[in-house]
Amino acid sequence: MAEPIAYFEHGADMGIVGRGTFIEEAFENAARAMFAIMADLGQVEQHECVDIEFEEADTEFALVTWLNLLLGQARSRALSFGRFHLRRDGARWSGTAEGEPWRSGLERGVEVKGATLTGLSVTQQHGIWEARCVVDV
Amino acid sequence: MDLGRLKEINPWCYALTPLPGEERAPVRLYANAELLRGMDAKVLEQIANVARLPGLVGAAMTMPDAHWGYGFPIGGVAAFDADAGGIISAGGVGFDISCGIRCLRTNLDLTTLAPRLERLADVLFRAIPAGVGEEGQLKLSPGELDAVMRGGAQWALRHGYGVAADLEYIEERGCVAGAVPAEVSDLAKRRQRGEMGTLGSGNHYFEIQVVERIYDAQAAEAYGIAAGQVLVSIHCGSRGLGHQVGTDYLVTLAKAAGRLGIRLPERELACAPIKSPEGQQYLGAMNAAINIALANRQILTHLARAAFAEVLPKATLETLYDVSHNTCKVETHVVDGKPRLLYVHRKGATRAFGPGHPALPARYRAVGQPVIIGGSMGTGSWILAGNPEAQNGAFASASHGAGRAMSRHQALRLWHGRELIHELAVNGILIRTRSMRGAAEEAPGAYKDVDLVAEATEKSGLARRVALLRPKACVKG
């Protein structure tokens with residue numbers, strides 16, 4: 001399998017890619033790709049866990065909804081997330097994000113404002129799911 | 001960008017010729033061939049898509065600093081008439097609603113500033129919450145946030161942030177009408193809780209600049225600026241609340257468009273008829289976010305004054321102008337000899353009212369609105385003046401920045417934050433940041449030539465150059 005996390009070029013913002021054997025794994029890796037823009041995930045400790053739940057039948061809208069709910073929870077709770085879990089039951093998605101409050105020793109990248117519908121796709125090829133979109137920084 | 005399908009109207013304005021059978025409004029690109037060649041081909045694709053949206057008046061346009069965005073290109077301008085089935089688009093405004101620049105003029109010159117610059121940069125870095133994860137001192141309850149959404153910079157002033165004279169020099173006197181806090185989600189309000197009075201990151205900055213050269217003496221005098229004078233520019237927007245409003249409505253409007261019978265060339269154009277319930281909901285939420293941005297820059301102005309007072313007690317900082325560049329605003333423009341009420345989307349574009357416009361403060365009415373083109377942290381920025389609409393064919397709009405010349409990933413491959421900051425310091429520019437990655441992504445070389453953008457803005461009739469500013473110290477997010 002190609003790298004579970006990757007990036008693609010966009011003139012002003014950044015394209016993120018998450019891959020996995022299951023669609024949920026691809027979404028989890030897309031979340032890791034997005035949060036790695038904001039912090040070194042290797043440094044983020046897992047002190048707090050936040051539940052994420054939503055309903056969305058369209059898998060592309062589901063990706064954007066998942067990423068944006070994570071961003072919303074991270075920003076509203078002033079947390080940096082480093083670990084993600086997601087389950088799917090039809091149109092119902094439920095997951096968790098784990099992380100810690102921002103601290104001075106945490107190496108910072110740049111803030112992601114939102115996941116966009118640009119470059120958005122969720123596809124499966126040769127048994128591998130790939131989820132991608134442009135995020136606004 | 002391949003210029004093959006472009007027809008030169010004049011050396012600073014091009015039209016996109018339609019393909020056989022293509023039905024859309026005209027497309028105008030304000031730039032010269034050099035700037036156009038450097039633009040991503042996606043700009044052309046995106047602005048042609050905008051020209052297919054219902055109710056568009058005149059042409060869909062790009063400014064000289066245009067680059068690939070989402071939905072609309074950044075540097076895109078489009079006006080819609082509600083009575084002609086016109087739409088409002090979340091993709092035409094962007095996530096950072098009312099991102100803009102507040103420019104302050106000081107009573108300092110470089111000679112006075114230079115010996116204290118290092119300390120001032122340190123004090124500002126401590127005073128201005130900047131970068132991902134940084135929160136402000138002000139924590140507002142949902143009820144208090146509703147009041148900010150209704151009051152904008154006027155709310156900030158009532159709560160002790162700034163002076164009354166500031167309001168005169170902010171678009172809409174610091175408070176846009178039509179804000180409906182009830183249309184803003186609870187999550188958006190929660191995202192803003194710790195983010196009032198924060199700078200953000202990415203291309204946002206707080207910069208101390210010096211006026212290097214005056215190009216238009218009359219306008220410079222009206223704006224109160226002279227060569228050698230120290231200015232301050234604050235570039236930021238509506239923070240988490242605005243980002244969440246953009247997020248919420250991008251998906252809502254993308255889904256609504258199909259239901260409302262709008263065929264979107266791409267769903268990232270997410271829009272609804274202005275007169276539809278969804279369109280009105282977005283309008284109310286977007287106006288609420290605009291007021292958050294105006295209040296945010298007002299609070300940062302207050303923090304800047306306190307920091308300057310600590311280092312240079314005799315310094316004064318007056319608001320020169322505050323202009324937003326991610327908005328949809330209701331304005332009257334003369335089209336085919338008749339005034340029409342239009343919803344003007346400016347995505348990465350600045351409003352540029354010309355001389356005599358009634359919305360301008362009396363001090364600037366004779367020369368036109370200050371237009372601020374923010375450059376990179378190592379090159380320069382420009383102040384221009386708005387032209388009469390007879391010259392500005394873009395619904396009183398102009399460029400907003402240098403525009404990126406390469407992606408953030410390309411920049412990361414070429415520069416390292418610490419080395420870049422050292423190089424800039426050697427050249428007399430102090431950078432304060434918590435993110436070395438952010439510094440590298442924002443390297444001056446990653447941006448287009450801001451001087452060329454300013455020249456194109458002038459030559460295409462959008463605005464005229466007044467002053468060139470050089471950076472001396474910059475707090476980056």
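Predicted model: local features only at pLDDT ≥ 70, side-chain atom pairs only at ≥ 80, totals over all residues.
Me: Why are helix 1 and helix 2 of chain A called oblique to each other?
Reply: Helix 1 (residues 23–38) and helix 2 of chain A pack at an angle of about 40 degrees, with their axes 10 Å apart. Angles under 35 degrees count as roughly parallel and those from 65 to 115 as roughly perpendicular, with the rest, apart from those over 145, taken as oblique; the two helices of chain A are therefore oblique. Their crossing is right-handed.

Me: What makes up the contact of helix 1 with helix 2 of chain A, by class of residue?
Reply: From helix 1 of chain A come A:Ile23, A:Phe27, A:Ala30, A:Ala31 and A:Met34, and these meet A:Thr59, A:Leu63, A:Trp66, A:Leu67 and A:Leu70 of helix 2 of chain A. By class, the contact has nine nonpolar, one polar and no charged residues.

Me: How do you know which strands are at the edges of the three-stranded sheet in chain A?
Reply: The open sheet has the strand order 3-5-4, with antiparallel pairing, and strand 3 (48–55) and strand 4 (79–89) of chain A each pair on one side only, which is what marks them as edge strands. From one strand to the next the twist averages 20 degrees.

Me: How do you know that strand 3 and strand 5 of chain A pair?
Reply: Two strands pair if there are at least two bridges between them, and eight bridges join strand 3 of chain A to strand 5 (residues 92–101) of chain A, the two running antiparallel; the pairing of these strands therefore meets the criterion. Across strand 3, strand 4 and strand 5 of chain A lies helix 2 (residues 59–76), which runs at about 145 degrees to strand 3.

Me: What part does helix 2 of chain A have in the side of chain A that touches chain B?
Reply: In the contact between the chains, 29 residues of chain A meet 41 residues of chain B, and the elements giving two or more residues to chain A's side are helix 2 and strand 8 (128–136) of chain A. Helix 2 of chain A supplies the largest share, seven residues. Taken by class, that side of chain A has twelve nonpolar, eleven polar and six charged residues.

Me: Why is the pairing in the seven-stranded sheet of chain B called mixed?
Reply: The open sheet has the order 1-2-3-4-5-13-12, and within that order strand 3 (residues 27–30) and strand 4 of chain B pair in the parallel sense over three bridges, whereas six bridges join strand 4 (residues 56–70) to strand 5 (residues 72–80) of chain B in the antiparallel sense. B:Met61 takes part in both pairings, as the partner of B:Arg28 and of B:Val77 in strand 5 of chain B. The edge strands of this sheet are strand 1 (6–10) and strand 12 (326–335) of chain B, and the twist averages 25 degrees from one strand to the next.

Me: What makes strand 4 of chain B mostly covered?
Reply: A residue is buried if 20 or more other C-beta atoms lie within 10 Å of its own, and 13 of the 15 residues of strand 4 of chain B are buried.

Me: What is found in the hairpin of strand 4 and strand 5 of chain B?
Reply: One residue lies between the strands, and B:Gly71 takes a positive phi near 80 degrees, while B:Tyr70 stands opposite B:Phe72 in strand 5 of chain B.

Definitions and conventions:
Residues numbered from 1 in each chain as written. Chains lettered and ligands numbered in written order. Helix = DSSP H or I, 4+ residues; strand = E, 2+ residues; numbered from the N terminus. Axes fitted to C-alpha atoms, helices over the stretch in contact; angles between N-to-C directions. Contact = placed C-beta atoms within 7 Å. Nonpolar A, V, L, I, M, F, W, Y, C, P; charged D, E, K, R; others polar. Left-handed = near helix turned anticlockwise from the far one by under 90°. Buried ≥ 20, exposed ≤ 12 C-beta atoms within 10 Å, placed from the backbone.
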